Amino acid sequence: MTQQPQDLWKGGPWEQPSPSYPAPPAVVIPPRRPNLLRPKRRRPRRALIVFCIVLVLLLGLAVGSVVTHYLLPQSGGSGKPQISQTAQSEDPFGKLERAETGTGVTVTISQATGAELDPADIYEKNVHSIVSIEGEGEENYGSGTGVVMTADGYILTNAHVVADMRRVRVVFSDDSFLPARLVGADAEEDIAVLKVEAENLMPAEFGDSDQLRCGDMVVAIGDPLGYRTSITQGIISALDRTVEVDGVLMDLIQTSAPINFGNSGGALINDHGQVVGITTIKIVSDDGAVEGLGFAIPMARVKLVADRLIDGRPAAMLGVTVLTQPTEEGGLSVYQMEKSSNAWLAGIREDDVLLSVNGIQTDSLDSLKRIVAGLVVGQEATVRVSRDGQEMEFSFVIQSQDDLT
């Protein structure tokens with residue numbers, strides 16, 4: 001390593017268009033309905049950039065070039081800019097060098113054993129498994145956090161941390177760094193897997209997010225505002241919280257542990273020192289009235305997506321849009337169908353109630369998402385629905401998004 005100098009769900013988020021990436025943190029948020037921001041990095045709007053440049057010039061007249069050197073970018077960039085608005089037809093990860101897929105590597109989930117740890121012990125157990133992610137784009141750069149998945153260099157992070165980047169490197173706890181290649185990324189799920197060429201890294205231990213309870217103590221470790229491997233403490237505030245992020249519905253863990261810009265891709269850790277979630281967004285308000293509203297992607301979900309990305313498989317889709325609330329009979333009502341989908345050709349229609357997929361009940365939005373995430377494109381699935389009080393069964397081959405475009 002090199003030493004560094006100091007309310008509708010359209011078949012699941014993966015079936016929706018790539019989200020537009022969020023605005024800078026300095027946004028106007030209505031007090032009664034705060035907006036969601038990804039806690040990745042400070043990314044000023046164009047107007048704010050102009051304001052900062054004018055401010056720097058004025059300050060420069062008074063205090064000389066030192067202040068100008070500190071506030072302006074040092075090498076032709078645009079400060080800490082936002083991720084560019086990526087057209088849906090453009091791959092936000094297309095400029096990154098790719099790593100091999102189909103290696104057979106998977107995320108390992110362990111059950112909690114032994115005594116509970118205090119925050120100091122949790123930090124000691126995980127600090128060497130938390131890394132900084134630094135990316136360089138065409139005219140911008142950014143940073144976030146990652147979690148070491150394997151000793152030989154697989155790294156988990158958020159997709160929005162590496163979106164629109166040309167080069168990415170991983171900085172370790174000893175300040176050494178390595179270039180990273182992209183194994184795969186899913187913008188709608190906000191999960192990315194990176195690979196560095198390394199040995200003997202310290203992988204994190206991943207825990208079962210399904211075992212979490214509201215009120216459980218957790219900590220978050222990440223790089224808020226560039227303050228590397230910072231730890232914050234809180235509790236699990238809510239589970240399976242459905243949150244709309246950039247037009248995409250996500251089921252997330254809500255936590256009171258403070259999460260700030262730069263924490264994206266970092267770890268939410270339980271009282272046994274196991275990573276149970278990957279931090280992704282927070283809620284902020286301009287009047288400061290919102291506190292302790294951070295969110296993380298559950299580890300059970302991360303595993304499904306990461307395993308698929310490492311295997312090189314496309315995301316599966318059913319071709320249905322369902323209402324998010326279960327019906328009285330326990331299933332999910334089909335609101336709209338993709339007319340080019342195999343599900344439509346098999347005979348599923350609007351207003352059918354989706355009861356099960358491959359024998360697994362679809363009694364909630366979360367359960368349906370988990371089922372679909374485990375499906376494999378090209379394999380057959382059996383779907384059971386209720387229509388006018390009569391149960392019916394349909395079988396068809398699972399498709400990918402590309403199959404329907």
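**Contacts, cores and backbone**

Tutor: Not counting residues up to four places away in sequence, Thr242 touches Leu249, Met250, Asp251 and Leu365. This is a predicted model, and Thr242 has its place in strand S13.

Student: Is Thr242 buried, partly exposed or exposed?

Tutor: Burial requires a relative accessible area under 20%, and exposure one over 50%. Thr242 has 40% relative accessibility, so the residue counts as partly exposed.

Student: What separates the C-alpha atoms of Thr242 and Gln254?

Tutor: Thr242 lies in strand S13. Along the chain, Thr242 and Gln254 are 12 residues apart. Their C-alpha atoms are separated by 9.7 Å.

Student: What is the mean pLDDT of the chain?

Tutor: A pLDDT of 70 or more is reached by 77% of the residues. In residues 40-51 the pLDDT stays under 50, and the model has 45 contacts beyond four places in sequence for them. Residues 53-89 are also below 50, with 49 contacts beyond near neighbours in sequence. For the chain, the mean pLDDT is 80.

Student: Which residues touch the most other members of the largest nonpolar core?

Tutor: The largest nonpolar core has 35 residues. Its largest share, six residues, comes from H5. Another core, of 23 residues, lies apart from it and has Val148, Phe172, Leu178 and Leu201 among its members. In the largest core, the residues that touch the most other members are Val147, Leu156, Val193, Phe206 and Val275.

Student: Which aromatic residue has the charged end of Lys195 over its ring?

Tutor: A search of the whole structure finds zero aromatic pairs. Arg169 lies over the face of Phe177, at 4.0 Å from the ring centre. The charged end of Lys195 is 5.4 Å from the centre of a ring, that of Tyr154.

Student: Where is Thr229, and is this residue buried or exposed?

Tutor: Thr229 lies in the loop between strand S12 (217-222) and strand S13 (230-245). The residue is not a glycine, yet its phi is positive, about 45°. Most residues other than glycine have a negative phi. With a relative accessible area of 17%, Thr229 is buried.

Student: What is the phi of Asn358?

Tutor: Asn358 is in the loop between strand S21 (353-357) and strand S22 (360-361). At 39% relative accessibility, Asn358 counts as partly exposed. Its phi is positive in a residue other than glycine, near 55°.

Student: How many of the nine residues of H7 are buried?

Tutor: Ser367 is in helix H7 (residues 365-373) and is buried, with a relative accessible area of 16%. The buried residues of H7 are Leu365, Asp366, Ser367, Leu368, Lys369, Ile371, Val372 and Ala373. H7 is largely enclosed by the rest of the structure because its buried residues number eight.

Student: What separates the C-alpha atoms of Gly265 and Val131?

Tutor: Gly265 is in the loop between strand S14 (248-255) and strand S15 (267-269), and counts as buried at 0% relative accessibility. Beyond four places in sequence, Gly265 is in contact with Thr145, Gly146, Val147, Leu156, Thr157, Asn158, Ile278 and Thr279. Gly265 and Val131 are 134 residues apart along the chain, and their C-alpha atoms are separated by 9.5 Å.

Conventions:
Residues numbered from 1 in each chain as written. Predicted model: local features only at pLDDT ≥ 70, side-chain atom pairs only at ≥ 80, totals over all residues. Heavy atoms only, no water. pLDDT = per-residue confidence, 0-100. Contact = heavy atoms within 4.5 Å. Phe/Tyr/Trp six-rings, centres within 6.5 Å; stacked < 30°, edge-to-face > 60°. Lys NZ or Arg CZ within 6 Å of the ring centre and 35° of its normal. Core = buried A, V, L, I, M, F, W, Y, C linked by side-chain atoms within 4.5 Å. Buried < 20%, exposed > 50% of the residue type's maximum accessible area, 1.4 Å probe, protein only. Helix = DSSP H or I, 4+ residues; strand = E, 2+ residues; numbered from the N terminus.
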